[in-house]
Amino acid sequence: MKKLQETRVRIWFLIHSILSIIYLSASASPTASPLCNNGLKVEHPNMTSDVTEIEGKSFDYIIIGGGACGCPLAATLSEKYSVLVIERGDSPYGNPTILERTKFGYPLVETNKYTSVAQEFVSLDGVLNYRGRVLGGSTAINSGFYSRASDAFIKKMGWNEKMVKQAYEWVESKVVFAPETLSPWQSVVLDGLLEAGVLPFNGYTLEHVEGTKLSGTIFDVLGKRHTAADLLGGGNAKNIVVLLNATVSKVFFHHEEAGEEPRAKGVKFIKSDDDTKKSYKVHLKKQENSSLPKGEVILTAGALSSPQILMLSGIGPSKHLQSFNISVLANLKGVGNRMQDNPAISLLVDSKPKSRVPDTPQVTGITENFKVILESIIVPVSKGLTRVSIAGKLAFPASTGTLELNNKDPRENPLVKFNYLSKDEDMEYCVKIHQLVEGVSMSEAVSVYLGSERNRLEKLGKEESKEYCKKNVSTFYHYHGGCTIGEVVDKDYKVYGIKGLRVMDGSTLVESPGTNPMGTLMMLGRYQGLKILEGRKSS
C-alpha cells in the first residue's frame, strides 16, 4: 500500500513538474535584472548617502525604511508625487553576499554594530534574531521563499480582493520566479515531507494551500536575488530620491490650534555611522498659501524600528516615554504592544559542519489546518562551513510580548520580549511541530541522501519533546506587531490622533500571513499606494 501511494505521488509530481515548467515559460522572466520590468531595463532612482544633498529639502511623501513595503509604496506614489525614501543601510547592488544564492546566509555571520547588512538582536527571551539593514530590508537577507497570503487572511483584513490580486501580480512580474528545477537537497525535502504524510502534493502554486508544494522565489534561474529594492524601478525614477546610510531619529510636527491634532511636518535623521549624532532635517511640502504640510510621513521601518521611532517622536505609552524624558505628543498605549514571533523548532540532520553550498527553500509543507509550516535550508555557521536544518514554525501563536526603548539612540535595538510558548496551547503545538520535524528528518529520503553523514536522531516522547521545545525554541524571523491595526493605526494605516502620519509594515500585523510575510508586505506597499492615490484623486 505504501509503495502504491509513493508511486501515485511520483506520477502526481511528474505531472505537476511539467505544468510548472509550462507556467514558468508563460509567466516568468529568467533574464530579469535589478530594476527591470519584463526583462527591460528601466531608470534607476537617484540614490545618495550625502546628507547635504537632502537636508532642508521638501517632498510630498517621506517614507522611512526602504524594505519590503517601503519600496513598492515609494514606486507607486512616485507616479504622481515626489518621494523621499530614507534607508538606514546601504545599497544591495554589487554585494555578492546579498545577490548570490550560493552566498545565502553569509550576512548573518558577518554582523557589526552599525553598518552590517544584517543587524543582530537577542530578545529578552534569549533567542537570537536578525533584521535587515540595507535597501530592500530583510528581502536582502532572507531565504527568498515567496508565497501569497490565504484567502481567509485577505477577507479578514477587509481588503479589495481584485486590487490585492493585481498588486500581487505587479510584484510578481518584477521580482518573483518559478523554480526551473529543484536543488538536490530540496528534492530530498520534498520526498521527506510526502513520506511524513504532509499531503496532498500541490505542485507549483503561489497560493497558501494545505499540503506540500513548490512556490516562487526572489532568486532568478541564474541564482541572482531580486530584493524589494528592484520594485523602485516600477515607479517614476524622476520623482524618487533614496537617501542611504541615514537613520531617522524622530518625526517632528506642526502644532495647530488648541484641541487640534498635531500634523507631521518632517523628520530628523543622522548618519548611520556617525557617532557625533549630528542631526539633519527634511520637510514635507506645504499646502498652497499656507504654512501647513500637505503630504505625509509613512513609517515602513519594520516591526522593531517603527514602534521605536514612534516612541522617540513622543507617540506611545506616556509613562514609558517620560522615563526617557521624551515629551508626550500622544499617549498611545498600543505602541510596542502585541509583539509576536512565530516559535520555531529545528533539527540539524547532518552530523557535523561541512563545506556544502548554502541552499534556500523551494518546497514547503503546510499542515495541521494551516497552523504548522515546515521548510529546510542549508545555512552557513561560519566562513566556508554549513549545516543542514529541517524546521517548523507555529503559524498562529497565542503568546504575545512587548517592545520598549532601551535608550534614545535610534541605531540601536529596542528591548523586545516575545514570551515564546508562554501559553499552554503554543507548547502543545510545539510538541506537534517537533514530532513532524522528527518525521521528516528521520524519513528514508533524508537518511539515504545523507548516508553516513546524517545525524542519528532519536525519537522523543511527548514530555521529552516539551523539554526540547523549552530549551531550543528559535525563530523563523517573521516577528511582527507593535503598531497593530485597531490599537495604533486605523484600517487606512493612519496613526490615531496624528495627521499626516501612517505606519505600513509588519508592525501592523497581528499574524504572519501565508508561509511568510514577505510577499504580502510587498503587495501591501503597492496596494496601499494605489489606495492613497485614489483618495487624493477624489478629494
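A cavity is a set of grid points where a 1.4 Å probe fits but cannot get out, and its volume is the space filled by probe spheres set on the points. The model discussed here is predicted.

Q: How much space lies in the largest cavity, and which residues line the largest cavity?
A: The count of cavities of 30 Å³ or more comes to two. The largest cavity holds about 40 Å³ of space. Its lining has three nonpolar, two polar and one charged residues. The residues in question are Val349, Ser441, Val446, Leu450, Arg454 and Asn455.

Q: Which residues line the second largest cavity?
A: About 30 Å³ of space lies in the second largest cavity. By class, its lining has one nonpolar, two polar and three charged residues. These residues are Arg88, Tyr114, Arg133, Thr247, Ser272 and Arg411.

Q: Which element gives the most to the lining of the second largest pocket?
A: The second largest pocket contains about 410 Å³ of space. Of its 22 lining residues, Glu296, Lys494, Gly500, Arg502 and Arg536 are the closest to the centre. Two or more lining residues come from strand E27 (501–503) and from helix H13 (518–538). With four residues, the element that gives the most is H13.

Q: How many charged residues are in the lining of the second largest pocket?
A: The lining of this pocket includes six nonpolar and five polar residues. The charged residues in the lining number 11.

Q: Which strands stand at the edges of the open sheet of six strands, and why is one side of each left without a neighbour?
A: The strand order in this open sheet is E3-E13-E6-E5-E17-E27, and the pairing is parallel. Each edge strand has a single partner strand, so one of its sides has no neighbour in the sheet. On average, neighbouring strands are turned by 15° against each other, direction ignored. The edge strands are E3 (46–48) and E27.

Q: Which residue in E27 is the bridge partner of Leu299?
A: Strand E17 covers residues 296–299 and runs parallel to E27, to which three bridges join it. In E27, the bridge partner of Leu299 is Val503.

Q: Which residue in E16 stands opposite Gly266?
A: Strand E14 (residues 246–254) and strand E15 (residues 263–271) run antiparallel and are joined by eight bridges, with His254 partnered by Arg263 in E15. E15 is also joined by five bridges to strand E16 (residues 279–284), again running antiparallel. The residue in E16 opposite Gly266 is His283.

Q: At what angle do helix H10 and helix H12 pack?
A: Two packed helices are described by the angle between their axes and the distance between the axes. Helix H10 (residues 424–441) and helix H12 (residues 462–472) have axes 9 Å apart, and their packing angle is about 100°. That angle makes H10 roughly perpendicular to H12. The contact includes Met427 and His434 of H10, and Tyr468 and Cys469 of H12; the angle asked for is about 100°.

Q: Where does Pro200 lie, and what is omega for the peptide bond from Leu199 to Pro200?
A: Most peptide bonds are trans. The bond from Leu199 to Pro200 is cis, and Pro200 lies in the loop between helix H7 (184–195) and strand E10 (201–204). Its omega is near 5°.

Q: What is the phi of Glu368?
A: Most residues other than glycine have a negative phi. Glu368 lies in the loop between strand E21 (363–367) and strand E22 (372–382). Although Glu368 is not a glycine, its phi is positive, at about 55°.

Conventions
Residues numbered from 1 in each chain as written. Predicted model: local features only at pLDDT ≥ 70, side-chain atom pairs only at ≥ 80, totals over all residues. Heavy atoms only, no water. 1 Å grid on protein atoms, 1.4 Å probe; cavity = no way out; pocket = protein on both sides within 12 Å on 5 of 7 lines; lining within 4 Å. Nonpolar A, V, L, I, M, F, W, Y, C, P; charged D, E, K, R; others polar. Pairing = 2+ DSSP bridges. Axes fitted to C-alpha atoms, helices over the stretch in contact; angles between N-to-C directions. Parallel < 35°, antiparallel > 145°, perpendicular 65-115°, else oblique. Contact = heavy atoms within 4.5 Å.
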